[in-house]
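Notebook open, viewer loaded. I want to go through charge pairs, a helix, a loop and a surface patch, in that order.

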Amino acid sequence: MSRTRGERGFVSQLLLFVVISALTGALAAGLVVPFAGLLGLSTQSTTDAFENMDANLQDPPLPERSRLLAADGSLIATFYDQNRVEVPLKQVAKVMQNALLAIEDARFYQHGPLDAQGTLRAFVRNSQSGGVSQGGSSLTQQYVKQVLFETAATEAEQQKVVEDSYGRKLQELRYAVELEKTMTKDEILEKYFNIVYFGDGAYGVESAAKHYFSISASELTLTQAATLASIVRDPNNVNPSVDPQATLSRRNLVLSRMADVGMISQPTYEEARKAGLGLRMNKTPRGCYYSPYPFFCDYAEQVLLDDPALGKTRDERRRVIDQGGLTIRTTLDTQAQRAADRAVAQNVHPTDGAIGALSMVEPGTGYIKAMAQSRGYGRGKGKTFINLNAQHKYNGSIGYQPGSTFKPFVLAAAIRQGIPLTAEFPSPGSTVITDPVRTCENGKPGYNRQPWKVSNSTSAGSTSTLISGTTHSVNTFFGNLEKQTGICEPANIATRLGATRSDGDPLQQVKPFTLGVNEIAPVSMAEAYASFAARGLHCKAIPITEVTDRTGNQVKVQGPQCKQEIPKEVADGVNYTLRQVIDGPDPGRTGADMHLDGRQAAGKTGTSEDRIGVWFMGYTTNLATAAVITDADPPQKSLLGTRIAGHTVGGDQVWGGKLAGPMWTAAMKGALEGRKSANFVEPNPDLVQGIPTNVPSVIAMGRSKAERTLKAAGFTMAVGHFVDSGLPRGTVARQNPGPNSTAGSGSIVTIYLSDGTPPAPPPQPPLPPDLPRVPDLPKPPGGPPRIGR
């Protein structure tokens, strides 16, 4: 650079400085005139250009971390792009305020938006070096720069904010001039403390104090404050945990500066500079990975990301969660969660070939109290990011076949249709359901006509009632019951109560529906059974109770959604029947080992086809729990011979009541310890027995007429096998209960149709053979015998 050009550049820069100084009141206005005249420039034109610059600084809310809390207020997780907690200036220790001002802008409270002394000093040095080598910005200007950086939409825009140019500094100053017209010095200092970066992921003084010293900003000591102040100038390179010696030197520089400007005495400085850093690092983990309850955390996060209340798109919702300073209160019950975790860990190990999952839902609210699973959160052996309890769209699996735990939906439909609990249906060892069964897939009435061969895995008599068929989990009984109820109504009940497919598709209405062939997530099954416990009141299972923003205002996220989906009397009947599975008198009941001492409990076992998975669904009036153990990886195979929790399981163990049941029992006992459970409401006796009604005779009637006659009298007709009879073929030859007997209304009357061939007469017994003649005996002497008294 030539001497002439250098001098001209120096004079131009000096003129600019003087003009700005005049505008801000830092120098006498008269100083402008000689320099302006020297270069033939108009001071007024320079002033006008400055005042016409944009002065409206956009100051949106700062990114602030959000917290996810359990029901008891304990922290589950923190979400953030920038780990920041905003605090008012009064909650920042005075010594922290002084330390920052000493090193950044000691005359902050004495000058206007421009520190003329500092700027002139920097100006002279920069001119001598031929560039911008030293800053002279006031704290207000620094705050402006921080805001511009935070609001920059791209990296290129951020780069422009930090570039060294007089044009940028002039624009920053224009914003600063306007800010100091509208804000007090304290307000500017408060905003600066909350926006500035303190390195190592800590934004704002409160997060920095917690991060480096595990205390609040209000509790900072002199040396701690000086340490934090020393980081601000170069937060990307000054890191106390990485290079403590360099940080110590920077801290002592701050202390020295505080002594120079009279904020601390020289003896205090000498004493403080001898102290170590005294770090007590406290990392603030981000997201669910480090959460003590990672899968529940992940489920809550996925539900929020799916909620339009937080934004129109998933990306918008992500930003609100990571930057919005939300307080998210969840339904998680830490006692229940710990009990669930223990129960799963005791029954299935992380590296087993099988997986275990357990979901707990509160009846009457739908609050998810716990989610536990055998696989840990993360990558590697025995870990997964898949939530085994959740629906597929919430980072869950495609679900698992729940086996016979689906039978209660057919039971509910039967009760809803007026079939009493004492009604009997055939329950042979095996049968083929060939009759068409009513369906309503896609809302269209129809029939499933595919033959279905069904066999029992439990013992039963030739017939079973709704109670005994459920207690023993008799497959053929439920096949015949479903034939009577149809598949449409059970499928509708299951859907309305929340037992929907994990993949989001409608339930498949096939004849084996009652045996649980649809893939369902455990949390959905817990939601449905909680509806039975709540006497038919269905509440959608939810993990969140309340969300508030940084100012304490509520965000209207999806809350409890409850609706009476089945009549209370129907739910009472289901509850009564399922109570017999656990606490009933039948020694052959499948849930005999799952009783909860001192509490009424209801439940149902389930084993999927080929014993790939086993379930136990059970509940009290205040907690419903789904427990499942199933083969882990597709293609799934039978659990028989699998090593689970250190033991190889055989055929006598791979049943819902033997494998999943103990896990359910342990979790329920732990979750409910110290808490009371109300008793269930007893069902109407007429629902159990039916109203005593005279059974009409349908002997000799055709099948259709017999059905109409029985239906008009309040009964349901079932058709048994053909029998020999002299009555015309196809007419009723026998009925059970018999003609003119008494049975409960809604009971099943089974008819037996004539095959048109009279029974063969019974064979006559053969005549006895001729016996030899017995000779006459001699008469006793003295006449006939006398009768004694």
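I call something a salt bridge when a side-chain nitrogen of Lys or Arg is within 4 Å of a carboxyl oxygen of Asp or Glu. The model is predicted, so I take local features only at pLDDT of at least 70 and side-chain atom pairs only at pLDDT 80 or more, while totals for chains, interfaces and linings use all residues. Numbering starts from 1 along each chain as its sequence is written, and side-chain values use heavy atoms, with hydrogens and water left out.

**Entry: salt bridges**

My search of the whole structure gave 25 salt bridges. I looked up D306 and K393, which form one with the closest N and O atoms 3.4 Å apart. This pair links distant parts of the chain, 87 residues apart: D306 is in the loop between α14 and α15 (314-323), K393 in the loop between β9 (383-384) and α17 (407-416). Helices here are DSSP runs (H or I, at least four residues), strands likewise (E, at least two), numbered from the N terminus.

For exposure I use relative accessible area: buried is under 20%, exposed is over 50%, partly exposed is in between (1.4 Å probe, protein chains only). D306 is partly exposed at 34%, and K393 is exposed at 57%.

Next I checked D322 and R318, whose closest N and O atoms are 3.1 Å apart in their salt bridge. Both sit in helix α15, four residues apart, about one turn. D322 is buried at 5%; R318 is partly exposed at 25%.

**Entry: helix α11**

How many residues of α11 (residues 222-232) are buried? I get 11 of the 11, so the helix is largely enclosed by the rest of the structure. Its buried residues pack against α4 (94-104), α9 (185-195), α10 (205-213), α12 (244-260) and α13.

**Entry: V517**

I found V517 in the loop between α20 (488-497) and α21 (522-533). Leaving aside neighbours within four places in sequence, V517 is in contact (heavy atoms within 4.5 Å) with Q401, V510 and P512. Its C-alpha is 8.7 Å from that of F406, 111 residues apart along the chain.

**Entry: surface patch**

Y289, Y290 and F385 make a nonpolar surface patch with about 340 Å² of accessible area together. Areas are Shrake-Rupley with a 1.4 Å probe, and for residues only the protein chains shown count as cover. Patch members need over 30% relative accessible area and no salt bridge; nonpolar side chains (Val, Leu, Ile, Met, Phe, Trp, Tyr) are joined within 5 Å, like charges within 9 Å. Y289 is partly exposed at 43% and lies in the loop between α13 (266-272) and α14 (294-305).
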